[in-house]
Each structure stands twice: as C-alpha cells, then as structure tokens.
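Dear colleague,

Please find the structure below, together with a summary of what was found in it.

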Amino acid sequence: MTLPLLYRSSTTPFSFPIDTAMAEETGMFTVHHTIGNVLCCKCGISMQPNAANMCANCLRSEVDITEGLQKHVIICHCPECDRYLQPPRTWIKAQLESKELLTFCVKRLKNLNKVRLVQAEFIWTEPHSKRIKVKLKVQKEVLHGAILEQAYTVEYVVQDQMCEACTRVQANPDQWVAAVQLRQHVSHRRTFFYLEQLILKHDASARAIMIKQMDQGIDMFFSNRSHAVKFVEFIAKVVPSRSRNDKQLVSHDVKSSIYNYKYTFSVEICPVCREDLICLPPKVANSLGNLGPLVICTKVSNNIALLDPFTLRNCFLDAEQYWRSSFKSLLSSRQLVEYIVLDVEAVSSEVNIGGSKYALADAQVARISDFGKNDTIFNVRTHLGHLLNPGDYALGYDLFAANNNDSELDKYKGFVLPDVILVKKSYEEKWQKKRGKSRSWKLKSLNMEIDENVKGRDYVEKNSSEYEQFLRDLEENPDLRFNISLYRNREYQPSEMASVTDGDDAPPSVPLEELLADLDLSEEEANDNDSMRE
C-alpha cells in the first residue's frame, strides 16, 4: 500500500502577488514558474523536491510515526445490558459498528495527541470473536517539516464484565430499589393490553429488572430510582394518571451517613375507558358548556375525548381537569347489548370530529335476544349514521332494562333517559365465521410473572377472551392501532377458498402495508451460515 507524502517545500520560487487573470486581461507578460525534479538522497530516483529531499518509501523506512501508539487495547463489556466501561465507573450504551462505539474506541487510545487523526473506520470481524478492529489514518510532521501520513490497525479485545447493576440483579433478582405499581380500578384489562404495546414500542421497560402481573394492574421493579421516575413520567404522557410516592429506610451507615431506601410509586390510571357511557356531574357539564349529561368516551390517550351522541358536540379533558372533579362510568363496554338495525334515516351530513367521522341519524333497532319472544322496537338517535344500514348489527347500552344507581344521574331532575344508546357497529356474526383461524399479524408481549393470587382457570379464560376482544378492536379501529407496532405472522398461510367465500362478509382486517417485519437476528445468522455452507 502506497502512503501519500505531504510536504511543505522550502525551494518553492517566490510568486508575485499579482492575480493571473488580471494580468491576462491587461496583456501583461507573466512568467510560468515550474518546479524541477531532484534525486532522492538515498535511492537516487527522480522526485519533486521536499524538505527532507527523500522519496516517500525512503522516508517511511527512516521514520515510523505510529511508534509509541497503542495497537492493542482491552475493553470491558457487560453482556447483560450490552454496555461498555468508560473508566473509571461510567458505562456507555453502544451497538456494534455504531458512531458511539467508534468514539468510545478512539477515546480509549493513549498518546493519540502526538499525531493528527485524519480518519477512523471499523474493520469487519466476527461478532462472536470478541475482537473489534479499527483502522486509523494519522499524520505527523517529520524530518525538516515534511508531513507523513500513515495508516495502522488497532485491535480491541472485548472482555465480559458485568456492571454493578447487573451484578446486583444476578445475585438477587428480588433486590429492587424502586417499584412502580400501576393500577386501574375497572373490571377488565383492555387498558393494560393497549398500555403494554405502548411500553414495548417506546422500550419503556428496558431498565425494569422484573415485571409482575397483578389483579388490577402491573408492578414494575427497577434497580434505580431515576429509572422508576422516568417510567412514571412516560405513563403520564400516554394515559391520564396521577401518582404519589413513598420511601422506606433499609439500612443506614452511621460513619459515612449513607442511607439506603426502597422507593414505591403508586400510579392510578383513570377508570374511564374507551366506549364507556358516562353521566357527567352537573359541575363538569356546566364547565364544558352544558355538554351531555350522557356522553360516550371515544378515545383515551393523555386526554379523554367525550362525545354527545345526540348532538355531536365533543370535548377533551386532560389529566388535571379530570382529577380535579373525577367521575366514573355509568356503564362499561362489558355491558354492551347487540341490536339489529331495522331502518335508518339520515338527519345530518357526515362531519369530521377529532379525526373520526360521524353522522346523526334516526334508527329503529331491536334486541337480538328478543327475537321470537316479543316485538319490542326502539326508536333511537345515533351518531353512527354513516356506518349503519338496514340489516346491520350494532352494539349499544340498554338503558330501557338497565338498573341504574348513579348519584350523579339523580341530580338531573326531570331528565328522561333514552331507551338505547348505540356505541359501535357489530361484526360478531362475521367473527363467528373466522373463529379458530389465525391472523396475518401478531403482537409482542412483555415478559411478565403472574401473581399467585390471580392464577386460576377462570382468570385465564377471562383474560384470553378480553385479549381476543382487544385484537378485534385493533382490526376494527385504525385510530387505535396508530400508536402501536403490528408484526407479520410468519406462520400465517392464507387460504384462497376462504378469501373467495368471504367476499363482502369478511370482518375488518389490518392492511399488509401497516405490518412490520419481525426481525430475528438468530434466524438470519443461521440462514447466512447455511448459504455459506452451500
């Protein structure tokens, strides 16, 4: 490999400070200066003159600018958290062949300030070889002002050494410093299924040393208080919640005045869920411009979206507004009743509210359970006029037969409850045809331990049915799956007969363009090895 030789020649002729272009325009006579060749003082080949009067090969044989620079370095790597030790006690997160790792490797070199670093790049090595090679290109001024450029390779030997946090966890997995208790006082786990996907997408549980599934929530355990605080702040950004914390003294060193505490954060998520029917307290309804009082919760993020199904008026409540005068749901989604639509008459045109489309309509509906028993028909006004057609099925709240015992509802004297409030279109009949068939997509899940108090056959059946309903909600509602990651199911094999027979009767599904490829590095490495063997 020929290395370039940069120089500053002392024999360069004196040049007049006259612009060449200006001289040509004025017709002035200019002398073109040329540099003659000289012979190398050692090998005698013809070369352009430089300060050392030596060619690049001879100069390189005389001077080695990489002498005294480190070419072998040992670095410590934690295999559990994939971090590197920056002496004395700092651990840096870096991936292989990343900018962060290259910066870390260069900073570990000593005496590099004696030369000028021009370029640094990785040389590929086997990931399991425990070796990292970096090619460096440096410059240095040598004999009589000549500048020599040279490239050399530094080999880093990776030694596995667990960091203090991982050592503490491996020694005693239950030795946590901070615990976060997530709770929502409702009868289902739909919120936690959605919250689990948000945690996975944003990698919010990366620092958790243990996750335990409780009866009405999740417990997260961390080895550092700052990690727990960061997780609580993340929860406050995605769902309306409030938190409080406490600490307990574990040990105390009198001589050094060091106190060891265990911290506990209690996070309560608001009990209002999507598709719940709510009776607003009079004080809240007045503050929202006399909204309601019966409203439907259409979306829960860091705000609560409320919609009046009779007037299409809507509003948004943040966490501070909600907890200032909190309220509970009158009826939850587990109390939805299926109806059949007999007739629909549009009242208003389609409008866009908060990114969702609605249209007022008057409809005649009847309960599915009343077929063959009575001829009870209900006339209702609904916000689903753009979706419902005669013969469709819809899910709604049966206020005609419900036994309501709500103190907020009793405060509205003279208020007449409607018989039915429709919430969403139902695809139950279409889902029955696809029962037992696999989906073309899948979700990832957290590695959680199940508490002994919630184990049991009834709990497993209830949990599986609620999870299936959550998957159906994702397929029916594009807004719900906007903030989560769905992956392609490699085991899914589409059936041509099923696609032909379904036709228009197929329930909603997730488009393929919304799915992500589930990358498995172990499988890709196996495929690469197989191809190399072939």
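R89 is exposed, with a relative accessible area of 63%; exposed means over 50%, buried under 20%, and partly exposed in between, using a 1.4 Å probe and protein chains only. Its side chain meets that of E164 in a salt bridge, at 3.2 Å from N to O. The term salt bridge stands for a side-chain nitrogen of Lys or Arg within 4 Å of a carboxyl oxygen of Asp or Glu. This pair links distant parts of the chain, 75 residues apart: R89 lies in the loop between β5 (83–86) and β6 (90–93), and E164 in helix α4 (residues 164–171). Helices (H or I, at least four residues) and strands (E, at least two) are DSSP runs, numbered from the N terminus.

Please note that this is a predicted model, in which local features need pLDDT of at least 70 and side-chain atom pairs count only at pLDDT 80 or more, while totals for chains, interfaces and linings use all residues. Residues are numbered from 1 along each chain as its sequence is written, and side-chain values use heavy atoms, with hydrogens and water left out.

A search of the whole structure finds 19 salt bridges. Another of them joins D473 to R274, with the closest N and O atoms 3.6 Å apart. D473 belongs to helix α11 and R274 to the loop between β14 and β15 (277–279), 199 residues apart. Both count as buried, D473 at 2% relative accessibility and R274 at 14%. A further salt bridge, at 2.8 Å from N to O, is formed by the side chains of D370 and R367. D370 is buried, with a relative accessible area of 7%, and R367 is buried with 10%. Salt bridges that share partners also join R190, R274, E275, K424 and D473 into one network.

Which residues have the most contacts inside the largest nonpolar core? They are V180, L195, M220, F231, I235, W441 and L474, in a core of 37 residues. Such a core is a set of buried Ala, Val, Leu, Ile, Met, Phe, Trp, Tyr and Cys residues joined through side-chain atoms within 4.5 Å. Among the elements that each supply at least two of its residues are β10 (178–183), α5 (190–201), α6 (225–238) and α11 (457–476). Not counting residues up to four places away in sequence, F231 touches V180, L182, I199, A204, M220 and F222, where contact means heavy atoms within 4.5 Å.

Six strands form an open sheet with mixed pairing, in the order β13-β14-β10-β12-β11-β28. Two strands pair if DSSP finds at least two bridges between them. At the edges, β13 (241–253) and β28 (449–450) each pair on one side only. Twelve bridges connect β13 and β14 in the antiparallel sense, and K247 stands opposite Y263 in β14.

Elsewhere, β17 (residues 303–307) and β18 run antiparallel and are joined by five bridges. N303 has D318 in β18 as its bridge partner. Six residues lie between the strands of this hairpin, in which L312 takes a positive phi near 65°. On β18 (residues 314–318), C315 and L317 make up the covered face, whereas N314, F316 and D318 make up the uncovered one.

Finally, the structure holds zero disulfides, a disulfide being a pair of cysteine sulfur atoms within 2.5 Å. The sulfur of C55 has its closest cysteine sulfur in C58, but the distance of 3.3 Å is too far for a bond.

Yours sincerely
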